[in-house]
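Please examine the structure shown here before reading the notes on it.

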Amino acid sequence: MSHCVRRRRRGRGVVATAWRNPDRPAVAALLLGAAGVGYRLVLTLLTVPASNSDEATFGLAALHIAGGHERPVFLYGQRYMGVLESYLAAPLVGVGGASWPLLRLPLLALYAVFLWLAYRLTRRLFSGWLAVVVVGLLALGSERVVRDQLTVVGGRPEVKPAVLAMLLIAVALGERRVRHRWVATGAFGLLAGLALWSDWLIAPYLLVAVVALVLAAPRDLVGWPGVLLVAGFLVGIAPVVKDNVVAPPGQDSLSVFREISTKEGVAPSVAERLHGGLLEGPPLASGLCPMDGCAGWARWFGVLYPVLLVVAAGLGVVAYRRAVDPATRVRAVAILALVAGAAGTLLAYVRSPLAATDPLGNARYLSVLQISLPAVLWPLWLAAVHATRATASRAARLRGVAASAVLAGLTAATLAGTAAFLAGVPGVRAEERSARRLADAVLGAGLHEVYGDYWTCNRLIFNTGEAVACGVLDGNLTPGQNRYPAYWRRVAQAVRPGYVVAVGSPAERGLRRLLGDRADAAVVAEVGGSRVYHPEHAVRPWR
């Protein structure tokens with residue numbers, strides 16, 4: 001017994017020493033990670049990237065949750081996108097009111113957790129210095145990357161750390177490093193349930209994480225640990241189950257998701273899907289390209305990405321077959337899980353028509369590929385490191401030079417993408433200030449019920465803390481996509497509502513035709529590219 005006590009004390013001493021004297025990779029990763037978090041903190045405080053009505057809908061849900069009015073499961077008007085981010089922000093906006101920085105702060109915390117878990121998993125599976133490279137690349141961020149990390153538009157910021165934590169749990173269980181194993185399996189199930197509620201697109205990664213757990217620790221899934229695994233998953237997914245039980249026919253999550261995925265239209269060719277899904281998708285999601293598209297030189301990573309996945313899969317299989325102990329075998333399984341998760345996600349994206357029809361707008365669905373960045377870089381890292389050995393052959397050194405060049409090119413392209421994003425920050429700030437001035441102008445005109453387009457309405461409502469309600473109209477001045485019907489009903493009851501329209505838009509031209517010679521007199525404000533009208537009588541042509 002005294003021997004066990006001495007071993008425990010020695011173990012605690014090692015941990016304490018590690019915290020007091022971290023090694024060089026840990027220090028380097030800490031500095032790079034702190035720089036990445038600080039960079040994003042400044043952007044969060046500046047509301048960069050710019051806000052929009054999609055994000056405002058999550059913010060309005062957070063306000064309703066904080067006020068105790070509602071407990072939504074899915075985003076208003078979109079019964080398949082979970083609103084976990086709204087619940088995370090609810091305490092902050094409940095205290096501080098409608099604020100974009102407060103709405104985004106939980107995502108900044110999730111990003112910091114993601115960096116930490118990425119470092120831990122990469123160091124456990126590969127090497128400390130590769131973990132530093134991964135953290136360094138993840139610390140950078142183009143507009144596309146930062147938008148996926150910091151804007152509250154659902155799913156991706158929370159599911160990425162969840163998957164990394166699940167894989168770390170599976171590896172720790174397989175290596176017999178977990179003291180409370182029942183708690184670990186319960187946490188694994190809870191994370192899986194919450195992730196699936198938040199964003200269904202994470203399903204490929206959840207599947208391979210479960211397979212990794214089964215292969216790593218099959219004994220821990222028998223008996224009470226297995227019961228806790230299932231119980232944790234049911235607790236995490238419970239909001240979805242409850243909502244679907246009471247949903248009207250055809251409005252359950254599966255029906256809505258199936259309808260969106262099978263919209264009619266001309267099906268893009270395989271070549272078009274591969275072009276948008278591979279040549280544009282991974283470079284955009286990795287931060288190598290600006291938002292307006294990838295230059296020809298930047299598409300090299302899209303061609304290389306599946307090749308690196310195949311090589312990493314081969315290396316993982318070799319590592320599994322050569323494993324001489326359970327711990328090594330478990331780590332090989334986790335590597336293969338990272339590869340399979342990326343492959344499954346990429347395959348699902350390429351199969352979707354969205355990859356061909358709008359690769360710029362839909363590359364956000366590939367942001368989860370950041371989970372697999374360590375496995376993608378692994379073949380390049382091994383080749384570069386092997387070339388430094390004195391015993392390396394000439395061919396190995398040539399491969400090492402090529403691999404180092406690719407790593408350097410990837411880093412340079414990511415830096416260039418970040419620099420291009422920062423160059424556009426002043427314009428983003430100006431646009432955000434214009435949206436704030438528009439909200440002030442509407443309130444200054446004494447308006448509390450207005451009509452506007454989709455990209456104006458919910459953003460305006462959030463900027464005014466719901467002091468203004470806005471009903472969505474399309475370009476023909478007919479009802480548009482009103483996610484939250486209560487706002488539409490409130491504006492419909494107004495005797496003399498206002499109108500916020502883009503200058504020169506079809507909606508403004510239609511409104512001026514209806515107002516006739518009273519159009520100019522009805523203008524009460526003009527801010528940026530928008531005009532605010534307050535006619536003497538309501539104009540509702542759809543009635």
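The briefing below covers a disulfide, a helix pair and one leucine. This is a predicted model, in which local features need pLDDT of at least 70 and side-chain atom pairs count only at pLDDT 80 or more, while totals for chains, interfaces and linings use all residues. Residues are numbered from 1 along each chain as its sequence is written, and side-chain values use heavy atoms, with hydrogens and water left out.

**The disulfide**
- A disulfide is a covalent bond between the sulfur atoms of two cysteines.
- Counting pairs of cysteine sulfur atoms within 2.5 Å, the model has one disulfide.
- Cys457 and Cys470 form this link, with their sulfur atoms 2.0 Å apart.
- Cys457 lies in helix 21 and Cys470 in strand 4 (residues 469-472), 13 residues apart; helices (H or I, at least four residues) and strands (E, at least two) are DSSP runs, numbered from the N terminus.
- Cys457 is buried at 0% relative accessible area, and Cys470 is buried at 2%; buried means under 20% relative accessible area, exposed over 50%, and partly exposed in between (1.4 Å probe, protein chains only).

**Helices 20 and 21**
- The axes of helix 20 (residues 425-444) and helix 21 (residues 454-463) come within 9 Å and cross at roughly 75°; axes are lines fitted to C-alpha atoms, for helices over the stretch in contact, and angles run from 0 to 180 degrees between N-to-C directions.
- The two helices are therefore roughly perpendicular, a term for angles of 65 to 115 degrees.

**Leu511**
- Leu511 belongs to helix 23 (residues 506-515) and is buried, at 1% relative accessibility.
- Not counting residues up to four places away in sequence, Leu511 touches Leu477, Tyr499, Tyr533 and Val539, where contact means heavy atoms within 4.5 Å.

Key: Angles under 35 degrees count as roughly parallel, over 145 as roughly antiparallel, 65 to 115 as roughly perpendicular and the rest as oblique.
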